[in-house]
Amino acid sequence: MSDLDAFRQETREWLEANCPPEMREAVRDEEDIYWGGRNASFKNDAQKAWFEACVAKGYTVPAWPKEYGGAGLTPPEAKVLREEMSRINARPPLSSFGIWMLGPALLHFGTEGQKQRFLNEIARGEIRWCQGYSEPGSGSDLVSLQTFGEDKGDHWVVNGQKIWTSYADHADWIFCLVRTDKENKYQGITFMLYDMANEGVTTKPILLISGNSPFCETFFDDVKVPKSYGDDCPAYVGQVNRGWDVAKYLLGHEREMISGAGGGDRTAAIGAAMLRQAAKDGGSLDPMLRAELAMFDVDALAYTAMGEKFLDEIKVGKAHPAQPNMMKYAGTELNKRRHELMMSAGGSRALEWESEETGGGKPSRNWLRTKANSIEGGTSEVMLNVISKRILDLPGA
Amino acid sequence: MPLYHDDDQAMLADTASQFMAEEGSIQKQLRHWRDRDCKDGFGHGLWEQMAELGFTGILLDEADGGLGMGHVEAGIVLEEIGRNLTPSPFLTTSVLAATALKHGSDDLRQRYLPGVVSGKAVYAVAVDEGAKHKPGRIKTRAEKSGNGFKLSGQKDFVIHGSSADMLVVAARTSGGDDDADGITLFAVPKDAAGMSHDAVRLVDSSMATHTKFDGVELDGDAVIGEVDGGREILNRVLNAGRIGAAAEGVGVARGAMDMTIDYLKQRKQFGTLIGEFQALQHRAAHLYSEVEIARAVVIKAQQLLDADSEKAELMVSVAKAKVGKTAGLAVREGVQMHGGIGMTDEYDIGLYMKRDRALQEFLGDAYYHANRVAELSGY
């Protein structure tokens with residue numbers, strides 16, 4: 001037996017022993033996802049037990065080094081763990097922007113002191129982070145951002161407004177792009193880390209067309225941000241005024257994450273599920289709808305193969321550095337199409353906004369939610385610009 | 001297995017790419033033979049050169065003189081064939097017929113496989129009856145007659161039918177027209193009495209036949225595999241051919257896309273390179289995404305087929321459908337973005353459009369395979 005086979009066996013046994021049956025059911029609503037943080041509470045004992053077992057094993061962030069709260073798994077081992085979790089349909093024990101976004105930035109740009117403190121906090125689900133990027137006047141043209149941190153020696157005083165801050169109203173800390181030099185567009189932004197409990201920080205949830213409020217407006221009114229949190233632990237990632245480098249690095253991660261959300265073997269093809277659902281509500285698939293579902297399934301299964309290829313190529317450095325933009329573009333457009341078709345297949349049932357049968361209007365709310373997929377994290381149009389310029393090398397793009 | 005080429009496969013790709021660009025180019029092959037109204041539609045010299053490189057026997061076992069490689073490797077050669085629009089019997093002979101013959105008796109293999117390996121022989125596969133691919137319905141019949149069979153019926157869209165030294169023919173030996181069982185594959189030599197070809201040139205300058213079998217008498221040893229047990233072999237032959245056609249289609253798509261993007265970087269209008277226009281950039285970038293995805297699913301299907309996975313059948317159809325849509329997009333965008341010169345015979349982009357159309361139809365178009373994806377998925 002190879003080492004990897006042994007690891008698979010061991011992982012399978014560990015999951016069997018530690019992942020409660022309730023944590024192997026599909027995520028039904030927001031409460032089924034554990035986000036961690038100072039104010040977090042568990043929905044039930046199973047969620048708590050699963051989370052705690054994973055923290056102890058380093059499996060909330062399996063590929064991070066052990067000294068930062070991870071399990072130090074090699075990429076092939078991490079893949080085995082993903083496969084084994086997916087095999088039993090195990091839920092992620094912890095979801096957070098700390099894991100997906102700040103963590104990778106700190107692993108790449110952070111000081112040892114920052115890694116020791118922040119990565120461990122993230123891994124143990126102690127601090128829930130949010131991301132302060134977009135502003136009302138800076139969407140696709142993010143680098144034009146205006147939120148300003150005035151240098152006061154040992155601290156900054158931050159004033160401005162962020163928008164589309166995911167779950168800012170539940171977050172403990174924010175990683176935030178703040179202008180610290182008004183003369184330098186690209187080299188005048190600092191990637192700051194600070195506590196949302198600071199005086200002068202307020203959040204206001206934004207009601208979306210889906211009826212949900214996953215995003216906030218976040219206001220900074222004379223917020224005092226110290227430049228350091230102690231020995232070797234500055235309050236900014238990378239260097240002062242060089243936060244754009246960190247932001248660009250992270251946007252790559254975000255695009256991968258969003259593109260990944262569109263794929264996934266489990267949900268790639270939908271035709272068969274749509275037929276079952278239609279039959280349940282006493283209907284059948286119209287031949288034209290069936291045809292569109294079949295065309296969709298072709299695209300979705302092909303995209304799943306692309307996702308697999310992309311990950312394989314990333315591991316050995318064969319992927320084009322701008323390829324995540326392509327994945328994000330194709331994956332989000334596909335996901336929007338998926339939900340359009342699910343609405344059509346669902347018929348009038350899918351229109352129900354609050355009924356118990358639809359889990360409180362899930363089909364229609366999810367459908368509306370997907371419209372943001374090709375806007376957030378860089379619009380499809382921006383993705384196509386990047387592909388034109390960086391991959392196809394088209395002139396003046 | 002990772003979804004990219006390993007070192008050996010990358011080396012093969014280099015060899016194939018260089019060879020096809022030099023020897024298999026549009027100028028040297030497709031236009032050359034087309035402009036001479038060649039009855040075969042391809043050059044035998046190139047076919048023998050491909051044999052010298054080992055390409056022709058790529059799927060055959062080493063014991064049969066082949067390279068013992070799989071669909072990933074055959075696909076590498078086919079992608080380069082697609083990029084250069086190289087006319088050759090590779091897909092019909094080295095992929096389709098070779099896959100059928102692998103299931104043949106020692107006698108059949110010894111009779112027919114050396115010709116594949118040496119590039120001296122050309123074989124065709126006759127499946128379709130009618131203008132659309134519908135292998136579930138086979139009306140061509142082979143009746144028992146003495147120690148052998150008597151073959152009657154008509155096959156259509158037989159690529160290289162009149163150039164072939166032997167045709168692999170799928171015929172019904174029992175049951176009704178639409179039965180899955182009761183199919184037998186026969187190796188029919190070119191001089192068989194009662195077989196006649198109506199040769200037609202297709203839009204892409206390739207040659208196909210409507211082939212009639214009028215009581216063609218065949219020995220029992222012309223049977224490939226078992227009598228009445230040909231459906232499974234036929235499915236293997238079709239899937240090998242479909243993924244091969246998909247790989248070639250990816251090559252066609254890439255060739256058309258590369259040519260078009262080069263053109264966007266050269267052509268000036270309104271005092272600027274047209275590649276600076278966002279309206280064209282976004283379409284080019286969208287096309288790039290689709291071609292990348294099509295390539296990925298082709299490799300996935302090739303690997304599954306090589307591993308004899310039960311998921312291969314579904315993924316082959318996904319791949320053929322995806323490539324059909326994508327290559328179609330590539331050639332349409334190619335002609336449109338080239339503007340007026342894209343409509344001229346002198347410029348190559350139109351040749352890509354023609355080849356794509358023929359490849360799409362071969363062994364099932366995107367509609368056929370999307371429908372098959374639905375059926376295999378249970379709806």
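Domain bounds, as used in these legends, come from an automatic or database domain assignment, and the model shown in every view is a predicted one.

**Figure 1. The domains of chain A in the predicted model.** Chain A is divided into domain 1, covering residues 3-95, domain 2, covering 129-242, and domain 3, covering 263-391. Between the centres of domain 2 of chain A and domain 3 of chain A, taken over C-alpha atoms, there are 32 Å. Where these two domains touch, domain 2 of chain A contributes 6 residues and domain 3 of chain A contributes 6 residues to the contact. On the side of domain 2 of chain A that touches domain 3 of chain A, 4 residues are polar and 2 are nonpolar, while no charged residues are found there.

**Figure 2. The contact between chain A and chain B.** In this view, 34 residues of chain A are in contact with 33 residues of chain B. The helices α7 (271-280), α8 (287-315), α9 (323-346) and α11 (380-391) of chain A each supply at least two residues of the side that touches chain B. Of these helices, α8(A) provides the largest share of that side of chain A, namely 16 residues. Sorted by class, the side of chain A that touches chain B holds 23 nonpolar residues, together with 8 charged and 3 polar ones.

**Figure 3. The domains of chain B and the contact between two of them.** For chain B, the domain assignment gives domain 1 (7-121), domain 2 (125-228) and domain 3 (232-376). The centres of domain 2 of chain B and domain 3 of chain B, taken over C-alpha atoms, are separated by 30 Å. Here 12 residues of domain 2 of chain B are in contact with 11 residues of domain 3 of chain B. The side of domain 2 of chain B that touches domain 3 of chain B is made up of 8 nonpolar residues, 3 polar residues and 1 charged residue.

**Figure 4. The fold of chain B.** The secondary structure of chain B comprises 11 helices and 10 strands. Because the radius of gyration of chain B is 21 Å, close to the 21 Å that the globule rule gives for 379 residues, chain B is as compact as a globular protein of that length. Along its principal axes, the C-alpha trace of chain B spans about 80 × 50 × 40 Å. Of the 379 residues in chain B, 56% are buried. Among the contacts in chain B between residues at least 6 apart in sequence, 74% join residues that are at least 24 apart.

Notes:
Residues are numbered from 1 along each chain as its sequence is written. Chains are lettered from A and ligands numbered from 1 in the order in which they are written. This is a predicted model: local features need pLDDT of at least 70, side-chain atom pairs count only at pLDDT 80 or more; totals for chains, interfaces and linings use all residues. Two residues are in contact if their C-beta atoms, placed from the backbone, lie within 7 Å. Ala, Val, Leu, Ile, Met, Phe, Trp, Tyr, Cys and Pro count as nonpolar, Asp, Glu, Lys and Arg as charged, and the others, Gly among them, as polar. Helices (H or I, at least four residues) and strands (E, at least two) are DSSP runs, numbered from the N terminus. The radius of gyration is taken over C-alpha atoms; the globule rule is 2.2 Å times the number of residues to the power 0.38. A residue is buried if 20 or more other C-beta atoms lie within 10 Å of its own, exposed if 12 or fewer, and partly exposed in between; C-beta atoms are placed from the backbone.
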